[in-house]
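Here is a short report on the fold in view.

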Amino acid sequence: MTLPNEPPLQKLQFYVTTGYSCGYLPNRLAQSLIASPQHLIDATVYSGLIQQGFRRSGKFAYRPHCENCRECVAVRIILQDFTPSRSQKRAFKKHQNLSTRILPVAFYEEHYALYASYQKARHTTELLNQDDESLQDEKPEQDETEQYLNFLCQTNVESVMVEFRENSQLKMVSVIDIVRDGISAVYTFYQVHDSKSSSTKVSFGTYNILWQVEWAKSLNLPYLYLGYWIKDSKKMAYKQNFKPLEKLLDGEWTQKI
C-alpha cells in the first residue's frame with residue numbers, strides 16, 4: 001500500500017499498530033495504518049484520506065495494513081450509474097413510512113439504548129457459544145458506554161447523525177461523514193427485533209443504504225463510500241449487491257466487484 005502524497009496530507013505521519021484479532025476473518029491477526037496527529041485531520045484532509053482507502057473511527061483515521069493479507073478492499077457506489085434491483089426497490093418502498101431527522105453528532109440517550117440493544121442482539125449467538133468463564137469476562141456497561149462515545153460521538157470532520165422513526169418510535173440511526181466527493185457510511189444500527197416480531201420482514205439495512213444514495217444525490221455528490229468489502233466475510237457480503245461498486249486497488253479506484 002502506498003502512502004498518501006497529496007499536499008494537504010504531507011504534514012501527517014503514519015504508524016502501524018501492533019497485531020490484534022481480526023474481526024472479520026477467523027484465526028487471523030490484523031494491523032492498521034493510523035494517520036496522525038489527530039488535530040490536523042479536518043474535513044479537507046479527511047476527504048483526501050478517504051480517497052486513499054482510509055476510514056474513521058471516532059477521531060482516528062485508519063486503513064488496514066496487514067503484513068500478509070490484502071482482503072480488505074475499500075469500495076464505493078458510483079451513484080450516477082446505480083440502479084436498485086427489484087428486491088431493493090421493494091425494501092425501499094416497504095419503509096417509506098419512516099421519517100428522518102438529521103442531527104449534529106452528539107450523545108443521545110435514546111440512540112445509545114438502541115445501539116446497546118442492537119449490539120446485544122448481534123452478539124447473542126457468539127456469547128452462547130462461549131464457555132461460562134468467558135461470559136464472566138464481559139466488559140462492564142461503563143466500558144461499553146465509553147466505547148460508544150469514542151466510536152460514534154466524536155468526530156473531527158463533517159459528520160451528522162440521521163435518525164429514522166416510525167411514528168414517534170426510534171427504529172434506526174446512521175452516522176455519516178460528508179467528504180469532498182461523496183458521503184461515507186460510518187455505522188448504522190437499528191431495531192433488530194422488528195424482523196422477528198413482525199409478520200413482514202423488515203429490511204432496514206437495505207433501505208438505509210438506498211436512503212443514503214438518494215441523500216448523496218440530493219447533495220450533488222458522485223459517490224457513497226461503504227467502507228471495506230471482504231470476499232470471504234459474510235458480514236460484508238451485502239455490499240456487493242449495490243452495483244456498480246468501485247474498488248480501490250494499488251491506489252487506483254477501478255470497477256468492479
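S174 stands opposite T188 in strand β11. Two strands count as paired if DSSP finds at least two bridges between them. Helices (H or I, at least four residues) and strands (E, at least two) are DSSP runs, numbered from the N terminus. The model is predicted: local features need pLDDT of at least 70, side-chain atom pairs count only at pLDDT 80 or more, and totals for chains, interfaces and linings use all residues. Residues are numbered from 1 along each chain as its sequence is written, and side-chain values use heavy atoms, with hydrogens and water left out.

**The sheet**

Eight strands form an open sheet with mixed pairing, in the order β8-β9-β10-β11-β12-β7-β13-β14. β8 (98–104) and β14 (252–255) stand at the edges with a single partner strand each, so one side of each has no neighbour in the sheet. The twist averages 35° from one strand to the next.

| Pair | Sense | Bridges |
|---|---|---|
| β9 (residues 159–166) and β10 | antiparallel | eight |
| β10 and β11 (residues 182–190) | antiparallel | eight |
| β7 (residues 73–78) and β12 (residues 223–229) | antiparallel | six |

Strand β10 (residues 169–179) is mostly covered. Ten of its eleven residues are buried, meaning under 20% relative accessible area with a 1.4 Å probe, protein chains only. D177 of β10 is the bridge partner of S159. The hairpin of β9 and β10 has two residues between the strands, and N167 there takes a positive phi near 60°. A hairpin through two residues also joins β10 to β11. Elsewhere, V73 stands opposite W229 in β12.

**Helices on the sheet**

α1 packs on the sheet and touches β10, β11, β12, β13 (245–249) and β14. Its direction makes about 95° with that of β10. Contact means heavy atoms within 4.5 Å. Helix α1 (residues 43–51) buries V45, Y46, S47, G48, L49 and I50. G53 follows α1 and has a positive phi, near 95°.

α7 lies across β7, β8, β9, β10, β11 and β12, at about 40° to β10. Axes are lines fitted to C-alpha atoms, for helices over the stretch in contact, and angles run from 0 to 180 degrees between N-to-C directions.

**Helix against helix**

The axes of α2 (residues 86–94) and α7 (residues 204–218) come within 9 Å and cross at roughly 90°. That makes α2 roughly perpendicular to α7, a class that spans 65 to 115 degrees. Q88, A91 and F92 of α2 meet T206, Y207, L210, W211 and E214 of α7.

Key:
Angles under 35 degrees count as roughly parallel, over 145 as roughly antiparallel, 65 to 115 as roughly perpendicular and the rest as oblique. Buried means under 20% relative accessible area, exposed over 50%, partly exposed in between (1.4 Å probe, protein chains only).
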